[in-house]
Amino acid sequence: MNPSPLGALTAAVRSAAPRALAVMVRRTGAFDNAEDAVQEALLAAWAQWPREGIPDNPAAWLVSVASRRYVDAVRSDAARRAREERSTLLDPGGAVASDVDDTLRLFLLCCHPSLPPASQMALTLRCVGGLTTREIARGLLAAEPAVAQRISRAKAALRGVSLESAGALADRIPVLLDVLSLLHTEAHSAVEGEDIMRPLLGAEALRLARLLLSLARPDDPWRPEAMGLVALMLLTDARAPARVDADGVLVPLAHQDRTLWRADRIAEGAALLTDALMRERAERYQVRAAIAAVHDEAAIADETDWRQILGLYEVLCRLDPGPVSELGRAVAVGEVVSPAAGLQIVAAWVGRASPLRVAAVRAHLLDRADRTADARREYELAARLTRNGAERRWFLRAAGAR
């Protein structure tokens, strides 16, 4: 083990924590106590890893420490004597993997039918995705205190609930797909920090999405939409090598060097999407993947088929109405009709959507309309609102170029 910088330490903790929690839940059968034990292990990791270096297997290290904390906690409570007998059988140094993917099992527990959908989403993003309350709040377009309360209540509701009671996979598909999508969105466009991308989180989201798809039977009605989500992830990930320049500044889609895009991921995503669209009526993730595919098909930005993209956004706004879809449609309308028409759509979402996203889209459309001074003000506003360094640097650069 070698001492590591803060960025590597943070990445290791975020990646290992959900896996460690999944293992502890499987081994103990007690979500609340397992989560407490892992939290204590994380505190120990933050104290020791900066001095001693990141372990070769961070998840196994966390499981080892959490297991000891769990045993100590059980021993301190005479009423839990039966659990102590089972917990002493734990092998703290054992393998983290199991025949049944532990993370998916944890996924199912967090989406337990006793929890409201909003609580399922928030708890899964915290425990499986390792996101902070602030990151979850931004992804769900909710207030941070409200999200914290949801998570707290969800944990309390699962106290004493066993992993085996999580229920059938098919009943959890809508929430599972939404959580995976939000995880991937955070991995692609991080809420805060200096880097716009979180590759480890993105890889885990894709891995879980592939795993979910592998569990689908050919005739399962949810299979095409799972295919659409995997395709969306692949088509988006394909652009990762061109998303940030040498100075760590975000590079918008229109300015990216498309020769750097990963052709293998584009081909795989496009093939998967084509297969999904042939099966039945397209749903939202298939439509989002189709939008990504149209962008990826253009060799240069000027060859982008914006009319097709606008048509897909019209469909998406019916399937998944809300600020994300509508702001995307505003950009497409700005390309096909006029920037002024796009700005009219954005105006309807002021005060109802993320102020940062509204400012970013307004800045883009004002720029397209050659309203230089107004665009500069919106770029500067977006720079003040964002908590991501790479994004802030881009907004400031765009403002200065006006």
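Visitor: Is Thr133 buried or exposed?
Guide: The model is predicted, and Thr133 lies in helix H7. Its relative accessibility is 15%, and the cut-off for burial is under 20%. Because 15% falls under that cut-off, Thr133 counts as buried.

Visitor: What end-to-end distance does helix H10 have between its end C-alpha atoms?
Guide: H10 runs over residues 199-214, which makes 16 residues. At 1.5 Å a residue the helix should span 22 Å. The distance in the model agrees with that expectation, at 22 Å.

Visitor: Within what arc do the buried residues of H10 fall, seen down its axis?
Guide: The buried residues of H10 are Leu201, Gly202, Ala205, Leu206, Leu208, Ala209, Leu212 and Leu213. They line one face of the helix, because their directions seen down the axis stay within a limited arc. An α-helix has 3.6 residues a turn, so residues three or four places apart point the same way. For H10 the arc is 165°.

Visitor: Which exposed residues sit on the face of H10 turned away from its buried side?
Guide: Exposed means over 50% relative accessible area. On the face of H10 turned away from the buried side, the residues that are exposed are Pro199 and Ser214.

Visitor: Which residues of H10 does H9 meet?
Guide: H9, residues 173-188, packs against H10 at an angle of about 155° with the axes 8 Å apart. That makes H9 roughly antiparallel to H10, and the crossing is left-handed. From H9 the contact uses Ile173, Leu176, Leu177, Leu180, Leu183, His184, Glu186 and Ala187. From H10 it uses Leu201, Gly202, Ala205, Leu208, Ala209 and Leu212.

Visitor: How are H16 and H17 oriented to each other?
Guide: The axes of H16 (residues 339-347) and H17 (residues 355-368) come within 9 Å and cross at roughly 165°. Pro339, Gly342, Leu343 and Val346 of H16 contact Val358, Val361, Arg362, Leu365, Leu366 and Arg368 of H17. The crossing is left-handed. Angles over 145 degrees count as roughly antiparallel, so H16 and H17 are roughly antiparallel.

Visitor: What is the relative accessible area of Asp370?
Guide: Asp370 is in the loop between H17 and helix H18 (372-385). Its phi is near 60°, a positive value in a residue other than glycine. Asp370 is exposed, because its relative accessible area, against a cut-off of over 50%, is 65%.

Visitor: What share of the chain's residues is buried?
Guide: The chain has 19 helices and two strands. Among contacts between residues at least 6 apart in sequence, 66% join residues at least 24 apart. Of the 402 residues in the chain, the buried share is 52%.

Notes: Residues are numbered from 1 along each chain as its sequence is written. This is a predicted model: local features need pLDDT of at least 70, side-chain atom pairs count only at pLDDT 80 or more; totals for chains, interfaces and linings use all residues. Side-chain values use heavy atoms; hydrogens and water are left out. Helices (H or I, at least four residues) and strands (E, at least two) are DSSP runs, numbered from the N terminus. The expected span of a helix is 1.5 Å times one less than its number of residues. Buried means under 20% relative accessible area, exposed over 50%, partly exposed in between (1.4 Å probe, protein chains only). The arc is that of the directions from the helix axis to the C-beta atoms. Axes are lines fitted to C-alpha atoms, for helices over the stretch in contact, and angles run from 0 to 180 degrees between N-to-C directions. Angles under 35 degrees count as roughly parallel, over 145 as roughly antiparallel, 65 to 115 as roughly perpendicular and the rest as oblique. A crossing is left-handed if the near helix is turned anticlockwise from the far one by less than a right angle, and right-handed if clockwise. Contact means heavy atoms within 4.5 Å.
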